Amino acid sequence: MWEDDDTWPDNDVYGQIVSTAGTRVGGSIPICTASGLQGERKVRVACGGSRYFVVWPDARNGEENWDIYARLVNV
């Protein structure tokens, strides 16, 4: 998981599955592409099998109104 700031100031959160050999499996996965800041270098993930629970701080409602968002990703 990472915070992508290529569209600053609208940072997005992406993920990538990596094999045990260290190679990428498929393409990157958009986790959150809402407007505003997401992540702020605090993206967290928990995994279980082929399911990933991703949590991040999110300022889509303004930088004075940070919220915590989460998403369950099945791959």
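## Overall architecture

From the N terminus on, the elements of the protein run β-β-β-β-β-β, and the secondary structure comes to six strands and zero helices; here helices (H or I, at least four residues) and strands (E, at least two) are DSSP runs, numbered from the N terminus. This is a predicted model, in which local features need pLDDT of at least 70 and side-chain atom pairs count only at pLDDT 80 or more, whereas totals for chains, interfaces and linings use all residues. Residues are numbered from 1 along each chain as its sequence is written, and side-chain values use heavy atoms, with hydrogens and water left out.

Taken along the principal axes, the box filled by the C-alpha atoms of the protein is roughly 40 × 25 × 15 Å. Of the 75 residues in the protein, 29% are buried, where buried means under 20% relative accessible area, exposed means over 50%, and partly exposed lies in between (1.4 Å probe, protein chains only).

## Confidence of the model

The average pLDDT, which is the predictor's confidence in each residue on a scale from 0 to 100, is 85 for the protein, and 97% of the residues score at least 70. Among the elements, the highest mean pLDDT, 90, belongs to strand β3 (residues 24–32), while strand β1 (residues 2–4) has the lowest, at 77.

Strands β1 and β2 pair in the antiparallel sense over three bridges, with two strands taken to pair if DSSP finds at least two bridges between them. Within this pairing, E3 has V13 in β2 as its bridge partner. Strand β2 (residues 12–18) is mostly covered, since five of its seven residues are buried.

Strand β2 is also joined to β3, again in the antiparallel sense, by five bridges, and G15 has I29 in β3 as its bridge partner. The hairpin of β2 and β3 has five residues between the strands, and in this hairpin G22 takes a positive phi near 90°.

Strand β4 (residues 44–48) pairs with β5 in the antiparallel sense over five bridges, and the bridge partner of C47 in β5 is Y52. These two strands form a hairpin with two residues between them, where G49 in the turn has a positive phi of about 70°.

Eight bridges join β5 to β6 in the antiparallel sense, and W56 stands opposite Y69 in β6. Strand β6 is also the place of L72, which counts as partly exposed at 40% relative accessibility. Between L72 and G39 there are 16 Å in space, C-alpha to C-alpha, although the two are 33 residues apart in sequence.

A pair of aromatic rings is described by the distance of the centres and the angle of the planes. A search of the whole structure finds one such pair, with rings of Phe, Tyr and Trp (its six-membered ring) taken to pair if their centres lie within 6.5 Å, and with planes under 30 degrees apart counted as stacked, over 60 as edge-to-face and the rest as tilted. The pair is stacked because the rings of W56 and Y69 have their centres 6.4 Å apart and their planes at 20°. W56 lies in strand β5 (residues 51–58) and Y69 in strand β6 (residues 67–74), so the pair ties together parts that are 13 residues apart in sequence.

## Nonpolar core and cysteines

The largest nonpolar core has eight residues, namely V13, I31, C32, V43, Y52, V54, W56 and V73; such a core is a set of buried Ala, Val, Leu, Ile, Met, Phe, Trp, Tyr and Cys residues joined through side-chain atoms within 4.5 Å. The elements that give two or more residues to this core are β3 and β5, and the largest share, three residues, comes from β5.

The structure holds zero disulfides, a disulfide being a pair of cysteine sulfur atoms within 2.5 Å. C32 is buried, with a relative accessible area of 6%, whereas C47 counts as exposed at 61% relative accessibility.
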